[in-house]
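Entries follow in the order I made them.

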Amino acid sequence: MATFIVLLGPPGVGKGTQARILSETSKLAHVSSGDLFRENFKNETELGKLAKSFMDKGELVPDDVTINMIRERISRPDCQAGAILDGFPRTPAQADALEKMLAEFGGEVGFVPYITAEESVLVERASGRWTCRAQGHIYHEKFNPPKQVGICDVDGSDLYQRDDDKVETVTKRIRVYLEQTTPLVEYYRKAGKLVEIDGSQAVDQVTAKLLAVLKK
Ligand code: AMP
């Protein structure tokens, strides 16, 4: 049966960074709802323009739009064995929709790493983040700087700062997360799938914990 790993945690905790590493190690596809919205915006689709209007305010994109986008994405062949879900689900309605999709596709949520850190750490991480324009590789100006300022180590494309990584917007995103996404922590804890991981540690320490859980 296809296994889906749901990465839960506040904005700036390092879900995207860890999801990329886990995807390379496990060979499961990396499905990031935020990356999909940003890709749509870059390609000037209607979905992208709609999403951007919510993202810039630090708000969530409406459930129906988000669910349809993810449904289409995880029905593709590269998700046949499962995927690492990064940023989805973010509301109880999305979690219910995911259960239904997986029941239909013959998959299940395997485990749910819940990565946490204090708000001051989250704001510092997000506001120092630089993202690669071509493929979304993630850097931090202090904790994980690129070899050459402004250039991605992996593909040489330029790095940019996300509009929604400004301090005020990050603070709003954290508030939205506390209101709308934290109910999922209890949802997955009750299902016996939650694994709590301290996200304030260095990237490779968090990765080591995740890989240890994945092996089990
Ligand atoms: P992220 O890249 O995960 O930090 O997401 C950036 C932004 O994309 C969020 O602040 C939301 O506006 C939007 N977004 C990403 N995933 C979702 C989701 N599952 N539901 C609603 N909005 C989302």
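Entry: I count a polar contact as a pair of N or O atoms within 3.5 Å. The model is predicted, which I keep in mind throughout. I looked up R90 against that cut-off. A polar side-chain atom of R90 lies 3.0 Å from a nitrogen atom of the ligand, so the pair is within 3.5 Å. The protein covers 96% of the 480 Å² of accessible area that the ligand has on its own.

I went on to the backbone. G87 places a backbone N or O atom 2.8 Å from a ligand nitrogen atom. For V61, a backbone N or O atom is 3.0 Å from a nitrogen atom of the ligand. How many residues surround the ligand? I found 16. The closest are S33, R38, E59, G87 and Q94.

**Entry: cis peptide.** I looked up omega for the bond from F88 to P89. This peptide bond is cis, with omega near -5 degrees. I located P89 in the loop between β3 (82–86) and α5 (92–105).

**Entry: helix α7.** I compared the length of α7 with expectation. It has 15 residues, 167–181, and at 1.5 Å a residue they should span 21 Å. The end C-alpha atoms are 20 Å apart, which agrees.

Which residues of α7 are buried? I listed T169, V170, R173, I174, V176, Y177 and T181. Seen down the axis of α7, the buried residues fall within an arc of 165 degrees, so they line one face of the helix. An α-helix has 3.6 residues a turn, so residues three or four places apart point the same way. On the other side of α7, I found E168 and E179 exposed.

I then asked what covers the buried residues of α7. The cover includes α3 (46–55), β5 (112–116), α6 (119–127), β6 (129–132) and α8 (183–190).

**Entry: T169.** I picked T169, which lies in helix α7. Is T169 buried or exposed? Its relative accessibility is 9%, and the cut-off for buried is under 20%, so T169 counts as buried. I left aside neighbours within four places in sequence and listed the contacts of T169. They are M55, D56, K57, G58, D163 and D164.

**Entry: helix α3.** The buried residues of α3 are G48, A51, K52, F54 and M55. Down the axis of α3 they fall within an arc of 160 degrees, so they line one face of the helix. I noted α2 and α7 among the elements that cover the buried residues of α3.

**Entry: helix α2.** S33, G34, L36, F37 and N40 are its buried residues. Viewed down the axis of α2, they fall within an arc of 165 degrees, so they too line one face of their helix. What covers the buried residues of α2? I found that the cover includes β2, α3, α4 (63–74) and β3.

**Entry: positive phi at E44.** I looked just after α2, where E44 takes a positive phi of about 55 degrees. E44 is a residue other than glycine. I placed E44 in the loop between α2 (33–42) and α3. E44 is exposed, with a relative accessible area of 62%.

**Entry: positive phi at K27.** I noted another case at K27. Phi of K27 is near 65 degrees, again positive in a residue other than glycine. K27 lies in the loop between α1 (15–26) and β2 (29–32). Is K27 buried or exposed? With a relative accessible area of 72%, K27 is exposed. I followed its side chain, which reaches the backbone oxygen of E24 at 3.2 Å. The C-alpha atoms of K27 and R125 are separated by 27 Å, and the two residues are 98 residues apart along the chain.

Terms used: Residues numbered from 1 in each chain as written. Predicted model: local features only at pLDDT ≥ 70, side-chain atom pairs only at ≥ 80, totals over all residues. Heavy atoms only, no water. Helix = DSSP H or I, 4+ residues; strand = E, 2+ residues; numbered from the N terminus. Expected span 1.5 Å × (residues − 1). Buried < 20%, exposed > 50% of the residue type's maximum accessible area, 1.4 Å probe, protein only. Arc of directions from axis to C-beta. Contact = heavy atoms within 4.5 Å. Near = heavy atom within 4 Å. Polar contact = N/O pair within 3.5 Å; in protein donor to acceptor, adjacent residues only side chain to side chain. Areas by Shrake-Rupley, 256 points an atom, 1.4 Å probe, with all protein chains shown as cover.
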